[in-house]
Amino acid sequence: MFKSDLLEGLSKVHFTVPLYIFVPVIGFCVYKDFENSLGVIKFIELFIAGLFVWTLVEYIMHRFVFHYMPPDKPWALRMHFIFHGVHHDYPSDAKRLVLPPSVSIPLATGFYFLFNALLPTNYVFGFFPGFILGYLFYDISHYAIHHFNFKGNIWKKIKQHHMLHHYQDPGKGYGVSSPLWDKVFGSDFIKK
């Protein structure tokens, strides 16, 4: 994908790497939340809100960032290929199924500061771990969708939804870990 071996190396990652990076972040935020004594109920509320907001962010990023490719802008086409097009061209490439740290760390940092600015003081420590857990679920489930066979009906439906995005119509089915927002925004598939 790149002429530089360094850039090429930064674009590939083992699917467990996000766990090594972000599980400690979740642990730290949980510790800070309880250190600030916001209470268990408030933590659970914020955590669930963070998970829910992640599902919307996942949908928006996949639809409007990863699939942004106006034909009259060559730079945008190249960026699309680097960020997501290579995944559509090689959907089973095990090293390109989760976001590399060179992308995920700056994004997570930006979201942390955004949420910290928007939320009341210290609420970020309950909200952000839910948001990051949602991200980890998305990344690991995306890997699993491409490499595992599922027995359970829910997982089979999630896999079918994503495979239709890859092999039937990449202009639909932007929710990877959940088809919820595809239903809300009318980008779902008509499934028989």
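Student: Before the fold, what counts as a helix here?

Tutor: Helices are DSSP runs of H or I, at least four residues long, numbered from the N terminus. This is a predicted model, by the way.

Student: OK. In what order do the elements run from the N terminus?

Tutor: The protein chain reads α-α-α-α-α-α-α-α. That makes eight helices and zero strands.

Student: How much of the chain is buried?

Tutor: Of its 192 residues, 41% count as buried.

Student: And the surface, what does it come to?

Tutor: The accessible surface of the protein chain is about 10,700 Å². Carbon and sulfur atoms hold 68% of that area.

Student: Let's go inside. Which residues touch the most other members of the largest nonpolar core?

Tutor: Phe-111, Phe-115, Phe-128, Phe-131, Ile-132 and Tyr-135 do, in a core of 28 residues.

Student: Which helices supply at least two residues of this core?

Tutor: Helix 2 (17-35), helix 3 (40-66), helix 5 (101-118), helix 6 (124-147) and helix 7 (153-167) each do. Helix 6 brings the largest share, 11 residues.

Student: Stay on helix 6. Why call it largely enclosed by the rest of the structure?

Tutor: Because 20 of its 24 residues are buried. Buried means under 20% relative accessible area.

Student: What about its length? What should helix 6 span, and how far apart are its end C-alpha atoms?

Tutor: At 1.5 Å a residue, its 24 residues should span 34 Å. The end C-alpha atoms are 34 Å apart, so the two values agree.

Student: Pick one residue. What is Ile-132 in contact with, beyond neighbours within four places in sequence?

Tutor: Phe-22, Ile-26 and Ala-108.

Student: New topic, holes. How many cavities of 30 Å³ or more are there?

Tutor: Two. The largest cavity holds about 90 Å³ of space.

Student: Which residues line the largest cavity?

Tutor: Phe-22, Trp-54, Met-61, Leu-99, Ser-104, Leu-107, Ala-108, Phe-111, Phe-131, Ile-132 and Tyr-135. Helix 3, helix 5 and helix 6 are the elements that give two or more residues to this lining.

Student: Which helix gives the most?

Tutor: Helix 5, with four residues.

Student: So where does Ile-132 turn up?

Tutor: Ile-132 is among the core residues that touch the most other members, and Ile-132 also lines the largest cavity. Two of its contacts, Phe-22 and Ala-108, are in that lining too.

Note on methods:
Residues numbered from 1 in each chain as written. Predicted model: local features only at pLDDT ≥ 70, side-chain atom pairs only at ≥ 80, totals over all residues. Heavy atoms only, no water. Core = buried A, V, L, I, M, F, W, Y, C linked by side-chain atoms within 4.5 Å. Buried < 20%, exposed > 50% of the residue type's maximum accessible area, 1.4 Å probe, protein only. Contact = heavy atoms within 4.5 Å. Expected span 1.5 Å × (residues − 1). Areas by Shrake-Rupley, 256 points an atom, 1.4 Å probe, with all protein chains shown as cover. 1 Å grid on protein atoms, 1.4 Å probe; cavity = no way out; pocket = protein on both sides within 12 Å on 5 of 7 lines; lining within 4 Å. Points joined across faces, edges and corners; volume = space filled by probe spheres on them.
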